[in-house]
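Take a look at the model below. Then read on for a short tour.

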Amino acid sequence: MKSKRKFNSDFKTKVVLEVLQGQKTIAEIAAKYELQSNQVIKWKKDFLSKAHIVFEEDSNDTKHLEQERDRLYQQIGKLQV
């Protein structure tokens, strides 16, 4: 029995970007990477549905980093006392 293959996000992105270039059909790309066409279509749909995240403000990342920095400063303060 063949084990289930797992693909990382870099590979999926590579495949989807090749699809979006439009130089080859989905069937050709799926065959090239030994994938099912339905899988490639699903990855493309997922990619496009989340593409807006790239252009959102990075305020969530900034807030998270600031919170982490504050927590570390508190720990440093406790260690010095």
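How many aromatic pairs does the structure hold? It holds 4. Here, rings of Phe, Tyr and Trp (its six-membered ring) pair if their centres lie within 6.5 Å; planes under 30 degrees apart count as stacked, over 60 as edge-to-face and the rest as tilted.

## About the model

This is a predicted model, where local features need pLDDT of at least 70, side-chain atom pairs count only at pLDDT 80 or more, and totals for chains, interfaces and linings use all residues. Numbering starts from 1 along each chain as its sequence is written, and side-chain values use heavy atoms, with hydrogens and water left out.

## The ring pairs

Phe7 and Trp43 form an edge-to-face pair, 5.4 Å centre to centre with 75 degrees between the planes. Phe7 sits in the segment before α1 (9-21), while Trp43 sits in helix α3 (residues 37-49), 36 residues apart. Trp43 is buried at 7% relative accessibility, whereas Phe7 is partly exposed at 25%. Buried means under 20% relative accessible area, exposed over 50%, partly exposed in between (1.4 Å probe, protein chains only).

The rings of Phe11 and Tyr33 are edge-to-face too, because their planes stand at 85 degrees, with centres 5.4 Å apart. Ring pairs link Phe7, Phe11, Tyr33 and Trp43 into a cluster.

## The whole chain

The protein chain has 4 helices and 0 strands. Helices (H or I, at least four residues) and strands (E, at least two) are DSSP runs, numbered from the N terminus. The C-alpha trace spans about 65 × 35 × 15 Å along its principal axes. Buried residues make up 12% of the 81 residues.
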